[in-house]
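Welcome! Please open the structure in your viewer and keep the selection tool at hand.

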Amino acid sequence: MLNLDFHPIGRHFLQIPGPSPVPDRILRAMSLPTIDHRGPEFGALGLKVLADIQKIFQTRHPVIIYPASGTGAWEAALCNTMSPGDTVLMFETGHFASLWQKMAARLGLKTEVLSYQGSDSVLTGAPGWRQGVQADQIETRLKADTQHGIKAVCVVHNETSTGVTSDIAAVRRAIDNAKHPALLMVDTISGLASADYQHDAWGVDVAISGSQKGLMLPPGISFNALSPKAIEVSKSAKLPKAFWAWDEIIELNKTGYFPYTPSTNLLYGLNEACDMLLAQGLDAVFARHQRWGAGVRAAVRAWGLEIQCADPAVYSPVLTGVLMPEGVDADAVRKIIYERFDCSLGTGLGKVKGRMFRIGHLGDCNDLTLVAALSGCEMGMKLAGIKLAESGVLAAMDYFANHPAFVPVPRAR
Ligand SMILES: *Cc1c(COP(=O)(O)O)cnc(C)c1O
């Protein structure tokens, strides 16, 4: 039986790293009547959101908006730029990097996958899943590719499965140092609008993002941010593309329209989300997620548990992965927290299933939301019989109290 009203009284804590909670302001904006997508009002909306989303990606080049989840935009990035049998170089930072690799293989591309080299703890049975991309490995591999068989380097900016970011500017430098023409493609599906992402300054050719993470929207739209080089390459790329093809979309977008029916109401939401983010300023947005990440990590340390990310230089401002003590099933703990305290946490994905859970601190959040979510975690872990060193909730409270926010959380709702 479908029951869409299954939440107990009070508000549900949606603390998974996407979909993230949708602010009331955005929900209200999306409740406006759907308009004619070929009519005069729509063109103005289209032009507005297309201009705003460029600011969010920090780019002056076209951004494509698809009526699809992030996975669709992954496919679009590849099928617009690659030809059958082309090689793409990828880096296994976690589950999402692995899924993108599988998709590339299904599309008929050859995939070469690098993974972390070094004394990483293999605690999780997933070596390399606690670290970011090593750009020097990419540089070495590209230098050896003297025939330029590698057509793209694909990396994930914020690995949502682990809570680890990667240094995208360093990957750009690696490609430049190798004097290699490969395109740089970046999945910032969960990074955008919570973690700093600079499309033009970092020299990214194709970026992929989605609506339901940092942008605070429901799932359903996704993005490709382009570079002039990517657009040029797409003109001779030979993988079949029709629905995803950039050329017709770019042409119609010039007047604010789309070649097929866009997700009108999600675009109302996008308009509102961009207004909120840009009014506050991206620097303030990024700073607040860094701060929340630090508070949540203070809690994990106080509990005496390990953070999935083993390198402090690349801690994610979007989410924190919490490793469970040996022998504890993380999903059983999540189940208790969900059933007893009405709080959803992210499950361990792929190789870390059952070993860890994930706490989201992306999108629409505040100090007390996180303190409450952490108290749900703390109560649930105690009920599951986990021996915690100290109270993580108190540690997070201390952190938030002693580290005032960069700018006040805006009051307007
Ligand atoms: C959520 C996510 C995806 C998948 O996006 P969908 O919208 O679920 O298709 C891919 N990569 C990363 C890094 C993600 O966080």
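This is a predicted model: local features need pLDDT of at least 70, side-chain atom pairs count only at pLDDT 80 or more; totals for chains, interfaces and linings use all residues.

**Stop 1: the ligand.** Select the ligand and the residues around it. There are 13 residues surrounding it, and Ser-69, Thr-71, Thr-160, Asp-187 and Lys-213 are the closest. Which helix gives the most to this shell? Select residues 70-81: this is helix H3, which contributes three residues.

Now zoom in on the side chains. An N or O atom in the side chain of Thr-71 sits 2.4 Å from an oxygen atom of the ligand. Thr-160 also has a polar side-chain atom 2.4 Å from a ligand oxygen. For Asp-187, look for a side-chain N or O atom 2.7 Å from a nitrogen atom of the ligand. Taken alone, the ligand would expose 380 Å², and the protein buries 88% of that.

**Stop 2: helix H11.** Select residues 330-341. These twelve residues form H11, which spans 16 Å from its first C-alpha to its last.

Next, colour Ala-330, Asp-331, Val-333 and Ile-337, the buried residues of H11. They share one side of the helix because they cover an arc of only 155° around its axis. What do they pack against? Show strand S13 (343-344), strand S14 (356-360) and helix H12 (367-383) to see their partners.

Turn the view to the face away from the buried side, where Lys-335, Glu-339 and Arg-340 are exposed. Finally, select Asp-342, which follows H11 and has a positive phi, near 55°.

Terms used:
Residues are numbered from 1 along each chain as its sequence is written. Side-chain values use heavy atoms; hydrogens and water are left out. Helices (H or I, at least four residues) and strands (E, at least two) are DSSP runs, numbered from the N terminus. The expected span of a helix is 1.5 Å times one less than its number of residues. Buried means under 20% relative accessible area, exposed over 50%, partly exposed in between (1.4 Å probe, protein chains only). The arc is that of the directions from the helix axis to the C-beta atoms. Contact means heavy atoms within 4.5 Å. A residue is near a molecule or strand if one of its heavy atoms lies within 4 Å of it. A polar contact is a pair of N or O atoms within 3.5 Å; within protein, one must be able to donate a hydrogen and the other to accept it, and residues adjacent in sequence count only if both atoms are side-chain atoms. Accessible areas come from the Shrake-Rupley method with a 1.4 Å probe; for residues, only the protein chains shown count as cover.
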